[in-house]
Structures are given as structure tokens and as C-alpha cells.
Amino acid sequence: MPASPTPGVATDDARAALAAIASLLAPGHPSVADEVLRAHDSPHGYVSAFGDRLDLRGIDEPVDNLAWIALIDGLDARGLLAEFDWKEDAQEIRSQLRSLESRPSVDPWVLFEDEEMLLPTEAFLHACGRHYRETGAALAVLDIESDCYPVVGLRAARTEELTTLAARAGFPVHHLGAGRGGQ
């Protein structure tokens, strides 16, 4: 008779992946991982503690992707994520990406052509991703299945690690400016 699966293993794997993502994207901010794990382990406690932050998203009780939302909000609160509306102005995107703590040391903005600044939001974000890759950096969207783009910066060499961890945690990540069609 085959052994039955160990209860909680999938949850433990997702928990470990969430902690690893928080460490990858916020290496100098261990409190991000603390918040994400609190949302994972004690959703009601997290909602109670971070109600003001969640009110902005229309969340007043635990939701399925609460730990992912906690990651996004924790990164945003520490200047490690910029969240863009689906029709954001290119200048606003540029301004917010430049202010991220995780911005590359080499300025990718010198690589932009004037006409790229006229692109619609999604196309402009992919252009940003391509130019960031030219400097050894990358941009990724931590997808919350909404009409916004929560964007993080990281070293290009770590994008596959982020993708793998996000898949283990059960959440989608899209890399901007990578591969065919910019995805």
C-alpha cells in the first residue's frame, strides 16, 4: 500500500518559496519576509494588523492570494516595487522606476529612443525591461490578476530563480522585455 502524502507539505513548500522570494527581492529588509509569512500563516492576524494598507485594495478579510498581496505591499512600502495603472504615463513610469531602491547602477534610461516614450503602458514597460536587461538588470511583474502592473527590479541573472520560486508558491510572474513578444 503506497504511503499517503504528508499533510502540509505543499503548504510548507509554498511557505518556503514565499520566504525565499521575499529574501531575493528585499535582501536588506527581513521584515518583508516576516509580513509575507504572517499573511500565509495567520491571514486574519495579517488583515487585522495591516487593515489600512489592505483597505486601499478593497480587502477587508483574508483572500486566497493574501501572502502575494503582502509581498507586493511590503516591497512597495520599502521602495522596492512600483505599481502602475494599465494606462500609466511613460514619464511617471520612468520616475517611479528611477526611484526604486533596486534600480540598476548603470542608468538604462540613456538607451531609450524618444519614440519609445510615446508607447502605451504595456509596450513601454516591455521596452523598459529590454533596456534594463542591456544593463544586466531585469524587471518583473508580480501578477495579481488585476489591471495594474506591480513591477520589481532584480539582477537579470536571478530571473529564473524568481520564476521557479513563484511557481512553487503558486503565483504568476511575468518578465518584462524578455523573449518573444516581450514576455
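Predicted model: local features only at pLDDT ≥ 70, side-chain atom pairs only at ≥ 80, totals over all residues.
Student: At what angle do helices H2 and H5 pack?

Tutor: Helix H2, residues 30-41, packs against helix H5, residues 66-77, at an angle of about 160°, and their axes are 8 Å apart. Angles over 145 degrees count as roughly antiparallel, so H2 is roughly antiparallel to H5.

Student: And is the crossing of H2 and H5 right-handed or left-handed?

Tutor: The crossing of these two helices, H2 and H5, is right-handed.

Student: Which residues make the contact?

Tutor: H2 contributes Val-32, Glu-35, Val-36, Ala-39 and His-40, while H5 contributes Leu-66, Ala-67, Ala-70, Leu-71, Gly-74 and Leu-75. Sorted by class, the contact of H2 with H5 has eight nonpolar, two polar and one charged residues.

Student: Now for H6 and H7. How do their axes cross?

Tutor: The axes of helix H6, residues 90-99, and helix H7, residues 121-134, cross at roughly 40° and come within 10 Å. H6 passes H7 in a right-handed crossing.

Student: Which residues are in contact there?

Tutor: On H6 they are Ala-90, Ile-93 and Leu-97, and on H7 they are Thr-121, Phe-124, Leu-125, Cys-128 and Tyr-132. In the contact of H6 with H7, seven residues are nonpolar, one is polar and none is charged.

Student: Changing topic, how much space lies in the largest pocket?

Tutor: The largest pocket holds about 300 Å³ of space. It is lined by 17 residues, and those closest to its centre are Leu-24, Ser-102, Gly-153, Leu-154 and Arg-155.

Student: Which element gives the most to that lining?

Tutor: Strand E3 gives the most to the lining of the largest pocket, with three residues. Helix H1, 9-25, and strand E3, 148-155, each supply at least two residues of this lining.

Student: What classes of residue does the lining have?

Tutor: The lining of the largest pocket has eight nonpolar, five polar and four charged residues.

Methods: Residues numbered from 1 in each chain as written. Heavy atoms only, no water. Axes fitted to C-alpha atoms, helices over the stretch in contact; angles between N-to-C directions. Helix = DSSP H or I, 4+ residues; strand = E, 2+ residues; numbered from the N terminus. Parallel < 35°, antiparallel > 145°, perpendicular 65-115°, else oblique. Left-handed = near helix turned anticlockwise from the far one by under 90°. Contact = heavy atoms within 4.5 Å. Nonpolar A, V, L, I, M, F, W, Y, C, P; charged D, E, K, R; others polar. 1 Å grid on protein atoms, 1.4 Å probe; cavity = no way out; pocket = protein on both sides within 12 Å on 5 of 7 lines; lining within 4 Å. Points joined across faces, edges and corners; volume = space filled by probe spheres on them.
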